Amino acid sequence: MDGNFEAKQWNLGTTRSRESLHRAITLLETALGQLQHQVHPVQGTLREATSLLRQQIESPTVRVVPDDRGRMLAWQVRMVRDYIDSHIARRVLIADLCALVQRSDAHFSRSFKRTFGASPHAFLVRRRLELAAQHMLTTDASLSDIALRCGFSDQAHMCRHFRQTAGETPAVWRRTHRLHHEEDETLPVE
């Protein structure tokens, strides 16, 4: 059998697994959002499950690098991810991220890509899309409001990236997934 075919098949399986993990993370973050203004014992469990799934998503990307040289250290990864998540609605500059982990622009960009498997910009867009998806499921806010809350310049900017990633417009995705989300909530517990 052609080795190239096997590699493509493995990549396809990896992509589907990653999509499933991203979906699971979105669902967990949605649950956390619903419990945001409540004190509930399940919150810690949901956060831990989300963290474990994030580690699973990042593991295959990290294994692509043949050795540990050039990757960011664990404390740098935490600082960068926390900074991006806390500044997601604002402009995130590479210079600020470089200063945060004390690396030059070129060194930071290289090590970021080796660590996260994507450029800083691509990673930021993905995080913004994940947050937008969460808002679409848990709020009745308009898509333009969601776009601005998530750091996109406008609704068209968000829609373009969303369609490239999800394969459908945010409005269609919202209707479809909200219907499934509401059905899951109304299922009787046995």
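Because the model is predicted, local features need pLDDT of at least 70 and side-chain atom pairs count only at pLDDT 80 or more, whereas totals for chains, interfaces and linings use all residues. Residues are numbered from 1 along each chain as its sequence is written, and side-chain values use heavy atoms, with hydrogens and water left out.

Cys-150 counts as buried because its relative accessibility is 0%; buried means under 20% relative accessible area, exposed over 50%, and partly exposed in between (1.4 Å probe, protein chains only). Cys-159 is also classed as buried, at 18% relative accessibility. Cys-150 and Ala-89 are 61 residues apart in sequence, yet their C-alpha atoms lie 4.8 Å apart in space. Ala-89 belongs to the loop between α3 and α4 (94-101). With a relative accessible area of 43%, Ala-89 is partly exposed.

**Overall architecture**

The chain contains nine helices and zero strands, where helices (H or I, at least four residues) and strands (E, at least two) are DSSP runs numbered from the N terminus. Its pattern along the sequence is accordingly α-α-α-α-α-α-α-α-α. The chain has 190 residues, of which 38% count as buried.

**Salt bridges**

Three salt bridges are counted, a salt bridge being a side-chain nitrogen of Lys or Arg within 4 Å of a carboxyl oxygen of Asp or Glu. Side chains of opposite charge can pair when their charged atoms come close. The pairs are listed below.

| Pair | N to O distance |
|---|---|
| Asp-85 and Arg-127 | 2.9 Å |
| Arg-126 and Glu-130 | 3.7 Å |
| Arg-127 and Glu-130 | 2.4 Å |

A network of salt bridges links Asp-85, Arg-126, Arg-127 and Glu-130. The side chains of Asp-85 and Arg-127 meet in one of these bridges. This pair links distant parts of the chain, since Asp-85 is in helix α3 and Arg-127 is in helix α6 (residues 120-138), 42 residues apart. Asp-85 is partly exposed, with a relative accessible area of 31%, whereas Arg-127 counts as buried at 9% relative accessibility.

Two pairs lie within helix α6. Arg-126 and Glu-130 are separated by about one helical turn because they are four residues apart in helix α6. Arg-127 and Glu-130 are three residues apart in helix α6, again about one turn of the helix. An α-helix has 3.6 residues a turn, so residues three or four places apart point the same way. Both Arg-127 and Glu-130 are buried, Glu-130 having a relative accessible area of 9%. Arg-126, in contrast, is partly exposed, with a relative accessible area of 25%.

**Helix α5 and its flanks**

Helix α5 (residues 105-116) comprises 12 residues and reaches 16 Å from its first C-alpha to its last, close to the 16 Å expected at 1.5 Å a residue; the expected span is 1.5 Å times one less than the number of residues. Phe-108, Ser-111, Phe-112, Thr-115 and Phe-116 are the buried residues of α5. They lie on the same side of α5 because they cover an arc of only 110° around the axis, the arc being that of the directions from the helix axis to the C-beta atoms.

Gly-117 follows α5 and has a positive phi, near 75°. In the loop between α4 and α5 lies Gln-102, which has a positive phi of about 60° although it is not a glycine. Gln-102 counts as exposed because its relative accessibility is 67%.

**A nonpolar surface patch**

Leu-73, Trp-75 and Met-79 make a nonpolar surface patch of about 270 Å². Patches are made of residues with over 30% relative accessible area and no salt bridge: like charges are joined within 9 Å, and nonpolar side chains (Val, Leu, Ile, Met, Phe, Trp, Tyr) within 5 Å. Accessible areas come from the Shrake-Rupley method with a 1.4 Å probe; for residues, only the protein chains shown count as cover. Leu-73 is found in the loop between α2 (42-63) and α3 (74-86). At 48% relative accessibility, Leu-73 is classed as partly exposed.
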